[in-house]
Amino acid sequence: MRVLKEICRQPTALFGLAVVLIVILMAIAAPLIAPFNPDEQMFDGLTLEGAPMPPGSQFLLGTDTLGRDLFSRMLFGARTSLIIGLVANGIAVAIGLFVGITAGYMRGWAGNLLMRFTDLMMAFPALLLAIVLAALLKPSLWIVAMVIALVNWVQVARIVYTETRGLVERDFILAERSLGAGHGRILLLHILPHLVPTAIVWGTLGIATTVLLEATLSFLGIGVQPPNPSWGNIIFESQSYFQAAPWLVFFPGAVILLTALAFNLVGDALRDILDPTQRGRG
Amino acid sequence: MFRRMLLSTTAAAFLALTPFAASAQDAPAQGGDIVVTYKDDITTLDPAIGYDWVNWSMIKSLYSRLVDYEPGTANIVPSLAESFTVAPDGLSYEFKLRKGVKFSNGREVVASDVKYSIERAVNPKTQGPGAGFFGAIAGFDDLTGGKSETLSGIETPDDGTVIFKLSRPDATFLHVLAINFASIVPKEAVEAAAGDFGKKPVGSGTFILKDWTIGQQLVFERNKDYFVKDMPHIDSFKVEVGQEPLVALLRLQKGEVDIAGDGIPPAKFLEIKNSPEGAQMIVDGEQLHTGYVTLNTKVKPFDDVKVRQAVNMAINKERITRILNGRATAATQPLPPLMPGYDKAFTGYAYDVEKAKALLAEAGYADGFETVLYATNTDPQPRIAQAIQQDLAAIGIKAEIRALAQGNVIAAGGTEGEAPMIWSGGMAWIADFPDPSNFYGPILGCAGAVQGGWNWSWYCNEDLDKRATAADAMSDPAQVAERQAVWGKIFTDIMADAPWVPVINERRVVAKSLRMGGPDNIYIDPTRVINYDAIFVKP
Amino acid sequence: MLSVLAKRLVQSALILFGVAAITFVLLYALPADPARMLAGRSATAQTVANIRHELGLDQPLLVQFMHYIGGLVQGDLGRSYAQKTEVITLIFARLPATLTLMAAGILIEVIIGVTLGTLAALNRGRFIDRAVMTTAFVGVSAPQFVVALLLLYVFAATLGWFPMSGYGTLSHVVLPAATLGILGAGWYARMVRSAVVDVLNQDYVRTARAKGLSQRRIILRHVLPNAVLPIIAMIGIDIGQFMGGVVVVEAVYGWPGIGQLAWQAIQQVDIPIIMGVTLTSALAIIIGNLIADFLAPVIDPRIRSN
């Protein structure tokens, strides 16, 4: 409750929250709002030469290279992209935090083993895994989410590990320790809060990259398959048209950016509210 | 005994010049250095191994073969051979070699080089993909089976004569000797390269590889000693690899590039076509290509001919050509229009949704069914697959698209019972040589309907197979027209069983800089992709 | 210290082995058949079988793997299926280009990232902070291909300041490195900003301030050194991104790097090249992280080396 009140006091955070809610609402209500069937390739959706139609009165945001309504596709695409951006990215950050903190806090062979495993995962060709999975499994959204989480947690773990190692040696932790505080208490109350900014940075910056990564993976055959739209694959399909039909890249790009930015604004506000170094200080 | 064919070097040279004679002001000029770009790196220039459409035309120009095609056409003319004769039974071919032709290492080309080169292409140790083409030469099975190191069917009575003995008549044999795998290489250079001949090629063709910076560029320089006067026309061509097609076109518009080898990406096509200089920059011509959908006759419900026919009527081919910005025409039969044997009168299955629905109902699928459509994942293939998907939905067939990397689609197609439908785009059949038989065996015949084969319909009609074998035995040159008619009928008869939906015949579109001259068919050569020997820079 | 290094080197070798093993198994699981890809469309079953035999693909997985590892120990990465050339030759021919782009790209990322991050942190909560961080955000969220083409179109095709394509001179490296810098600087800016904010709130910085040290001195002497740690960790991660993920930028600028080699090899199922590139990039990543881990205690003496 306190958190919500704080957010409402900051205009930027409020704006972010509003955007996030609107995007989620639009995704849920897509069938009601969309002017066209997102998968329908309309005869008048292409010029006689086969070029996509620019934004206008008939097609609000124009059409894509198959003559489908871009606005309708973006509404439906929001569903896939939100799931990927939030779930896949969220899991990645959670795993990364867990592994990084554990390895950084626990010294000795256990921590070492965890970090070497992280190194192995980092050096591992994720693209190849994606291609193999694509050939062996039926494509689905959850496999993409899994692959993305599998790829992205490693980087978070690395950063968190380095930061934790720095934190562990700080005076206030040493002091807590000498006072006889338990590991659980130190981790939860002192180390984790300090890592919140990092988690928010990766969690929110990661949204945009994850949404684009999903498109790469669909292209390789493991994600949502055509004709199902996602923001990422709308851009991916038409990125070479950025000169001939800029709306095909601009609109989905702007929406990805705006959504990620909105999440970031909310995240920043949350961080300021939760950050232990801020609280109780001037 | 032998019937001499009326073909000699002078005739060949004359024929080669006819396309240019049409427009006198466009006469080829000598000289000039040009730049060609490709996205993919050149894998190899070894003629026994290279088998992709990027290295295909480079290999053609690095080496010479006994016979070759007249530039821009599908007519076979003697090349390294001065003349040749065919025995009436079609089982023996005798070639007289041109004298004084030298490899770029300075040694003269002799008959034993021909024997060595073809044996090398067939030898399993070479790992060459083209071995099967030479199946008609006597002794083929012994060499591929490891029982022999030579082909007993190639004889070299003297340095200037090569005789091929065949174990069965093969009407396509001259085409076989004109494909890249039959290029003549010097044994000593192959051995000196120690397995790296593909990077250190030595031949007797129109060009010599001057420099190869791996991953960046290759420089080909004209072979000054080439045995036809004033061939080739340009002094050199530089191939820059790793070049994104979109950027290659920007560079071409600025004059940095002369030929964009990968063609014009869809995103750029209309812009260039509608630009003031577009007409001069775009070369647009037919090629030996058919894009099709295979209907797997071993997978339900495509085992029912009515279902296959219904699918043939359901696909709106005209719309697909529009998606391709008009760079293709609707196909009616497996053979492309340029191929000898193509039946102009045959109309195939017309687009008729109502009739398709009725046929499906007759087959017991009035409510449609669910299936999977495979496609490769490079633009525009997934888009075409989606257009097909929408057309199928209109008659109640719910097709899920699986867009995968090429290798995985090929693997699925060659696995029995795996892929119900495959859109061939990106892997489509472009003929190895301009003969209708090349469109049958591996992709529609029984021989290809095996594990790992390319007959993705798994269609096997033994009656048609017999007719095909009979047609290929008609090796008498006097029977050419008759043979073509027989082949043409095979392909139109196949459509009654509808193992394919022939969708489009894609035209090849090449972008060239304003200074490049020569007729269009030189840039879209039916047998070479780009004919580096015949293109020239305008004076 | 030395024994720690030795231990880490052994561990690194084990990681490499692990990567090799996993990659090998994955490639084996792939349905695409290299022999069939090489044989092409017109090949007979006999030809395909012959090629498979000559490549040793008809042997059991374990035998193939042992054979590969046996060669690897001697520094032999095998021969490419499609190119019939030593893989090591192909990789070494392209490694300089990849390393150059990586160095230049990271340099630009760090410069932009540190500048923006510090600027934002010092103006925390003010308009500059928001503006700077939003800019960084735009970079991170933008699709690579579009940014690369946009820069190429403006600075090379239209203005003509830089060459459109190629490799070899300093002017060739500017645009591809700038593309990567713009795309990646946001991550650094974010990390630096939060590190600096964190340090600015530390007691010793407050003390330094109270003692009247100049702002510039505080930043250079006390604040930035503390931001170095996360930056080094980021660089370690970045190496991984660069080795595997710059195919698009390489393709747009015709940059002859390893990414393009890997991409084509995957299309052709050219297993020796895929293995070679994977191991090369794994090695780069391991070395990068090794350096990051060893540099950390040097820069921040509070971290005891384990």
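User: Which residues in α10(A) are buried?

Analyst: Burial is read by counting neighbours, and a residue is called buried if 20 or more other C-beta atoms lie within 10 Å of its own. In this predicted model, the buried residues of α10(A) are A:W231, A:G232, A:N233, A:I234, A:I235, A:F236, A:E237 and A:S238. Helix α10 of chain A, which spans residues 231-238, is therefore described as mostly covered, with eight of its eight residues buried.

User: How many residues of chain C are in contact with chain A, and which elements of chain C take part?

Analyst: A contact between chains is read from pairs of residues whose C-beta atoms lie within 7 Å. Here 46 residues of chain C are in contact with 43 residues of chain A. On the side of chain C that touches chain A, two or more residues come from each of several elements, including α6 (127-141), α8 (170-200) and α13 (271-299) of chain C, while the largest share, eight residues, comes from α1(C). Sorted by class, that side of chain C has 28 nonpolar, 14 polar and four charged residues.

User: What does the side of chain A that touches chain B look like by class, and which element gives the most to it?

Analyst: The contact itself joins 19 residues of chain A with 25 residues of chain B. At least two residues each are supplied by α6 (126-136) and α9 (183-220) of chain A, and α6(A) gives the most, with three residues. By class, this side of chain A has 12 nonpolar, six polar and one charged residues.

Terms used: Residues numbered from 1 in each chain as written. Chains lettered and ligands numbered in written order. Predicted model: local features only at pLDDT ≥ 70, side-chain atom pairs only at ≥ 80, totals over all residues. Contact = placed C-beta atoms within 7 Å. Helix = DSSP H or I, 4+ residues; strand = E, 2+ residues; numbered from the N terminus. Nonpolar A, V, L, I, M, F, W, Y, C, P; charged D, E, K, R; others polar. Buried ≥ 20, exposed ≤ 12 C-beta atoms within 10 Å, placed from the backbone.
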